[in-house]
Amino acid sequence: MLVPSEPTEESGADAIENLEQAAGETTSPGAQGPCGDGAKNLLPYRIDGNLTWWFNAGSTPAGSSVANVEESLKRAARNITQSKNSCGLADQVSVTQTYAGRTTVGAQIDADATCKAKGNGKNSVGFGALPDGVLGLACVFYDGDGLVIEADIRLNAARDWYAQKPASCSGRYSIEAVATHEFGHVFGLGHVAEGAHGNLTMSRS
């Protein structure tokens, strides 16, 4: 039996705008410093060993370089599995990921930000329609033992994104930053409270 996870969505108004924030490297007023904050929230599923995933390259928004977007997504996945951080903390993540290339298969996520009833057997990451207030969303399908069968990520194609930080990123969102957060959900990490833990990758903003 496949069990779709509850969608994990990010508010466009409060979304992460750059990798430094996504990695907990800037200051969120009132929150603990990122290097001393060990908060985590584990979701009820896990990946057994390795996640192999594909990029739905045809979904890339017009005006964006497919190659640059692809590299941003690959870095985002590595940020989680290699515990990328600026605190000098050792990598304690045992699971791995493999980028398998480009695909035409889209994420099993509907435009109303709900997970489809079942997966299609391929872990897809790409862009597509989502409600105005949703920047990115991860849907994870897992069995009765909590083992992940499929995981998909969709970023809102209607938003303004960047793969390489421009001189001005006002009103634009970092693909790597948001995808890092969404890959966190794929690998079993839930949100942590923004007020107390706003400098961590898995905070809501």
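Select Phe127 and Trp161. Phe127 is buried, and so is Trp161. Buried means under 20% relative accessible area, exposed over 50%, and partly exposed in between (1.4 Å probe, protein chains only). The model is a predicted one: local features need pLDDT of at least 70, side-chain atom pairs count only at pLDDT 80 or more, and totals for chains, interfaces and linings use all residues. Residues are numbered from 1 along each chain as its sequence is written, and side-chain values use heavy atoms, with hydrogens and water left out.

**The ring pair**

Stay on these two residues. A search of the whole structure finds five aromatic pairs. Phe127 and Trp161 form an edge-to-face pair, 6.0 Å centre to centre with 75° between the planes. Rings of Phe, Tyr and Trp (its six-membered ring) pair if their centres lie within 6.5 Å; planes under 30 degrees apart count as stacked, over 60 as edge-to-face, the rest as tilted. Phe127 is in strand S5 and Trp161 is in strand S8 (residues 161-162), 34 residues apart. Helices (H or I, at least four residues) and strands (E, at least two) are DSSP runs, numbered from the N terminus.

Now show what surrounds Trp161. Beyond its neighbours within four places in sequence, its contacts include Pro61, Leu135, Arg172 and Val178. Contact means heavy atoms within 4.5 Å.

**The core**

Next, select Trp53, Leu73, Trp161, Ile175, Phe183, Val186 and Phe187. These have the most contacts inside the largest nonpolar core, which has 31 residues. Strand S3 (50-55), H2, S5 (124-128), S6, S7 and helix H3 (175-186) each supply at least two residues of this core. A nonpolar core is a set of buried Ala, Val, Leu, Ile, Met, Phe, Trp, Tyr and Cys residues joined through side-chain atoms within 4.5 Å.

**The hairpin**

Move to strand S6 (residues 134-142). Nine of its nine residues are buried. S6 pairs with strand S7 (residues 148-156) in the antiparallel sense, over seven bridges. Two strands pair if DSSP finds at least two bridges between them. Click Ala138: its bridge partner in S7 is Ile153. Five residues lie between the two strands of this hairpin, and Gly146 in the turn has a positive phi of about 85°.

**Helix H2**

Finally, select residues 66-81. How far apart are the end C-alpha atoms of H2? They are 23 Å apart, which agrees with the 22 Å that its 16 residues should span at 1.5 Å a residue. The expected span is 1.5 Å times one less than the number of residues. Buried residues of H2 include Val69, Leu73 and Ile80. Ser83 follows H2, with a positive phi near 50°.
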